Amino acid sequence: MWQQRGGAPAWVGALVLISGIWGCGPMSSESSSGGGGDVDVSAMGTGYPVLFVTQVPIPSDFTNVVSTFGNHQGHIASAPRGGDLWIRYPTGRLRNLTKIAGYGNPGLQGDNSIAVREPCVHWSGGKAVFSMVVGAPGQYENHPYRWQLYEVDGLDEEDTPVITKIANQPAQYNNTSPTYASDDRILFTSDRPRNGASHLYPQLDEYEEQPTNTGIWSLDPESGALTILNHAPSGAFSPRIDSYGRVIFTRWDHLERDQQADDDHVNPQFGTFNWSSEAANSVPTNSNAEVFPEPRDFWIGYVNDHPNYAGELHGYAPYLNGNNINHFFPWQMNQDGTEEETLNHIGRHELHSYILGNRNDDSTIESFLGTTSYTTNNNTITNMFQIREDPRRFGTYYGIDAPEFLSHAAGQVIRLHGALGASPDDMTVDYVTHRDTSNVDSTPSEQHSGLYRNPLPLTNGKVVVVHTNETRADENIGSNSQPRSRYAFRLKFLVRDGGTSVAGLALTSGIDKSVQYWSPNELTTYNGELWELDPVEVVARTPPSSPEPVLAAPEQSVLDDENVTPNQLSAYLRSRNAALIISRNVTRRDRNDRQQPFNLRIAGTSTVTTGSPGHVYPVSHMQLFQGDQLRSLTFGSSDVAPGRRVIAQPMHEAGLENPPAPGGPESSVKLGDDGSMAAIVPARRALTWQLTDPGGEGIVRERYWLTFQPGEIRTCVACHGLSSADQSNDPAPTNPPEALRELLQYLKAQGSL
C-alpha cells in the first residue's frame with residue numbers, strides 16, 4: 001500500500017487497498033489542476049498517486065527522447081530542456097517535484113535546466129528512480145550532456161522532496177530507463193560500451209548506424225558493481241520487473257547485413273569499412289565484408305536484376321530470397337541476465353502476419369502468410385513498445401504497437417497474455433484501441449481515435465494512457481526558431497466505446513511553460529502546453545523472487561554420469577568468462593517454422609526429423625558467431641565518423657575449450673550423432689549461429705542475437721525451440737545430449753575439470 005511517514009493525507013481513507021500488487025508503470029510547483037481550467041477529479045480517481053514527466057514538444061521523430069530507437073541521447077536537440085518530474089495525487093492535486101527540490105527553470109535554459117524521463121517507484125512506494133539530464137548549452141556551445149540516474153525521496157503530499165544522484169553509475173555515458181531489481185540493485189539501459197572501451201563509443205545500430213544503447217545493465221550503487229546483462233546490438237528499451245520476477249523489456253531485433261554497405265557496393269557514399277579488430281590499436285582495412293547472416297533481399301534482388309554485375313557477389317546465392325528482420329518484440333531474462341529469450345519464447349509466427357521463406361529452390365519451404373492451425377492468436381502486431389504488466393491480472397501485459405517513425409512511438413494500445421510457462425501457441429493479443437490507431441493516417445476512419453503511448457494499468461482496474469487526438473504524422477507546423485508539434489500528448493483515462501477503448505478524461509487540465517534554449521546556434525522559443533509522458537503508479541509492492549535456473553534431468557544425468565556437478569562446471573565457466581549452451585536435438589524444429597529447411601538429418605547417421613516429403617538436408621556442425629564492433633563509416637572523407645556497428649564474426653574469443661571439429665567451418669562444433677550440440681561460448685557478448693552441412697554451407701540460420709552470463713548453463717531442447725510440438729508433431733526431445741558428454745570428457749582429458 002501507499003506508505004506514510006507522517007499524518008495520513010485526506011484521500012487515504014477513500015482508497016480501496018489491494019494486496020499483493022505489482023506495478024512500476026508513469027504551472028506552479030503546486031496546483032489543484034496544473035493549468036488553465038477546472039478538472040472534474042470526482043470522475044477520474046486513480047486510487048494511488050501517479051508520477052509522470054513533462055517534456056517540451058519535439059516535432060521531429062528521429063533518435064530523440066520520444067523516438068522508438070536512439071532515444072537515449074542527452075544533447076539539446078534530442079531532449080529540449082524545460083520538463084519536470086510531477087506527481088498527481090488522487091484528489092487531483094499536482095506537485096512539481098523537481099522544482100521543489102531545486103532543479104529546472106522557465107525562461108532561458110542554462111546550467112540548472114533539465115529534461116526528465118521514465119520514473120520507476122521503489123517496492124516500498126516511498127521513493128522513485130528516474131533519469132535526468134542537467135544543463136543546457138549557451139550559444140555555439142556543444143557540451144556532451146548525459147542522461148544520469150537520480151532518486152527522489154519524499155513523495156507524500158506534505159513532504160519536501162529530496163533528489164539525489166545515484167552513486168557509482170557510468171558518469172560519461174547516457175543511463176536511462178531505470179528499474180529496481182528485487183534486491184534493490186538498479187537495472188537500466190546505457191550506451192556504455194559493452195566492455196567499457198571508450199574507442200568503441202558509441203555503438204551504432206544495425207539499421208541506420210545511429211547511436212544506440214548497448215543493452216541492459218545492473219548497478220549496485222553501494223558497492224559499485226556494474227555488469228552488462230544483455231548485449232543488444234540495436235538496443236533494448238524500458239526494462240521492468242514483472243510479478244514472476246522476470247525482467248520484461250522491448251528489444252530491437254535487426255540481425256541483417258549492413259544496408260549502408262549494400263548501398264556502397266552499388267553507389268559508394270557511406271565509406272563503410274571494417275576495423276582489423278575491436279582492440280584500441282586496431283587499424284582500418286580495405287574490406288567491408290560480412291559473413292552472416294545471408295545477404296539482404298535488396299542485395300539478392302540487385303544481383304538478380306544486374307546479371308553482368310562485375311563486382312564481388314558479397315554472399316549472393318541464386319537459391320536465396322534474402323533476409324529481412326526488423327521489429328521490436330517483448331523479451332525476458334532473469335535479473336542476473338541469464339535465460340534471455342523472447343517472452344515465453346514467442347516469435348514471429350505467433351505475432352506477425354508475414355515471413356518470407358529463405359529459399360526459392362525447395363517447394364517445401366513456405367512463406368508464412370498468417371496464423372497457423374497450431375496458434376491461437378488471430379490479432380497480429382508489428383511491434384510492442386512501453387510494456388507494463390496488469391497488476392490485477394498477472395501475466396497480462398499492456399503495450400503499444402506503433403510505427404518505427406512519424407508518431408513518437410505512439411500507436412495502438414494492445415494487450416498480450418503471456419503468463420509464466422504459457423506456450424506461445426496459446427498466447428493471444430487483444431486490440432484494446434481500434435486497429436486503425438496502430439499507424440498514422442492523414443485520412444482517418446471514424447474508428448481512428450488518435451495515437452497512444454505509455455499505457456499504465458492501475459490497481460483499481462482503470463488504465464491511464466498518454467494520448468493525442470492527432471492521427472497524422474507529426475511535423476513542425478511552426479518554424480525553426482519557434483517549433484510547434486501537431487501532437488498534444490496528455491495523460492488520460494481509457495474508456496470503453498463499443499467494442500474497443502478510446503481516450504476519455506484528462507488527468508490534468510494541462511501544464512504550460514515558456515522556455516528558450518540555444519539549439520545551439522539558434523535561439524529556440526516554446527510557449528505553451530507541455531507533453532505529459534511516462535506515468536507510473538505510486539504504490540508499495542512485495543518484491544518478487546528472481547527465478548533460479550534449474551538444470552533439466554537429461555542434462556543433469558550426463559553430468560552425473562561424468563561425475564561433474566553443476567557448481568563445478570559453472571565455476572570453470574566463470575573462470576573463462578564463458579557460458580555453456582546445449583541443445584538435445586538440432587534436427588527438431590517448431591512445427592510453425594517452415595521458412596527455413598526443416599527436413600534435417602545428422603550427416604551420416606539415422607538421426608532425422610522431417611515435416612513433409614521432400615529434400616532432406618544433411619547437417620554436421622553448429623557454426624558460432626560473436627558480435628564484434630568492427631564497422632565504421634567515413635562518408636567519403638578521410639575522417640572516420642564516431643562509433644562502430646556490430647557485425648557477426650566467427651567466434652574467436654580466447655580461452656574457449658571446445659573439442660576439435662574436424663572438417664567443420666571456422667568456429668564450429670561437431671554435432672552429436674543423436675542430434676545434440678554443446679559449445680562453450682563467450683559471456684556478456686551478443687552471439688548467434690547457424691547449422692551447416694558437411695561442406696560448411698549454412699542450412700538453418702538463427703535470426704536473433706543472444707547473450708549469456710559467466711557460468712550460465714543454457715539448454716534449448718531443439719534448434720528452434722518447440723512451442724508445443726516439432727515438425728513431425730512430436731513433443732520435445734528428452735535424450736541425454738551426447739555432445740555434452742563428449743565435451744565434458746574432453747575437458748577432463750585437458751585437466752580443466
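Analyst: Buried means a relative accessible area under 20%, exposed means over 50%, and partly exposed lies in between, with a 1.4 Å probe and protein chains only. This is a predicted model, in which local features need pLDDT of at least 70 and side-chain atom pairs count only at pLDDT 80 or more, while totals for chains, interfaces and linings use all residues. Residues are numbered from 1 along each chain as its sequence is written, and side-chain values use heavy atoms, with hydrogens and water left out.

User: Is Asp534 buried or exposed, and what is its relative accessible area?
Analyst: Asp534 belongs to strand 30, residues 531-537; helices (H or I, at least four residues) and strands (E, at least two) are DSSP runs numbered from the N terminus. Its phi is positive, near 55 degrees, although Asp534 is a residue other than glycine. Because the value falls under the 20% limit, Asp534 counts as buried, with a relative accessible area of 12%.

User: What is the relative accessible area of Asp184, which also has a positive phi?
Analyst: Asp184 is not a glycine, yet its phi is about 75 degrees. Asp184 sits in the loop between strand 10 (175-180) and strand 11. Asp184 is partly exposed, and its relative accessible area is 38%.

User: What radius of gyration does the protein chain have, and what would a compact globule have?
Analyst: The secondary structure of the protein chain comes to seven helices and 41 strands, and its C-alpha atoms fill a box of roughly 80 × 60 × 55 Å along the principal axes. The radius of gyration is taken over C-alpha atoms, and the globule rule is 2.2 Å times the number of residues to the power 0.38. For 753 residues a compact globule would come near 27 Å, which agrees with the value for the protein chain, 26 Å.

User: Which residues touch the most other members of the largest nonpolar core?
Analyst: A nonpolar core is a set of buried Ala, Val, Leu, Ile, Met, Phe, Trp, Tyr and Cys residues joined through side-chain atoms within 4.5 Å. The largest such core has 86 residues, and the members that touch the most others are Leu569, Leu580, Met622, Leu624, Ile680, Val681 and Leu691.

User: Against which elements do the buried residues of helix 2 pack?
Analyst: Helix 2 (residues 259-266) is mostly covered, with six of its eight residues buried. Those buried residues are Gln259, Gln260, Ala261, Asp262, Asp264 and His265. They pack, by contacts (heavy atoms within 4.5 Å), against helix 3 (297-305) and strand 35 (621-632).

User: What is omega for the cis peptide bond between Ser519 and Pro520?
Analyst: Pro520 lies in the loop between strand 28 (512-518) and strand 29 (523-529). A cis bond also runs from Tyr201 to Pro202, with omega near -10 degrees, and Pro202 has its place in the loop between strand 11 (186-190) and strand 12 (203-204). For the bond joining Ser519 and Pro520, omega is about -15 degrees.

User: What separates the C-alpha atoms of Thr500 and Thr433?
Analyst: Thr500 is found in strand 27 (residues 500-506), and at 18% relative accessibility it counts as buried. Leaving out residues up to four places away in sequence, Thr500 touches Val432, Thr433, His434 and Val495. Although Thr500 and Thr433 are 67 residues apart along the chain, their C-alpha atoms are separated by 5.2 Å.

User: How far apart in space are Ser638 and Ser570, C-alpha to C-alpha?
Analyst: Ser638 lies in the loop between strand 35 and strand 36 (644-650), where it is exposed, with a relative accessible area of 72%. Ser638 and Ser570 are 68 residues apart in sequence, and the distance between their C-alpha atoms is 47 Å.
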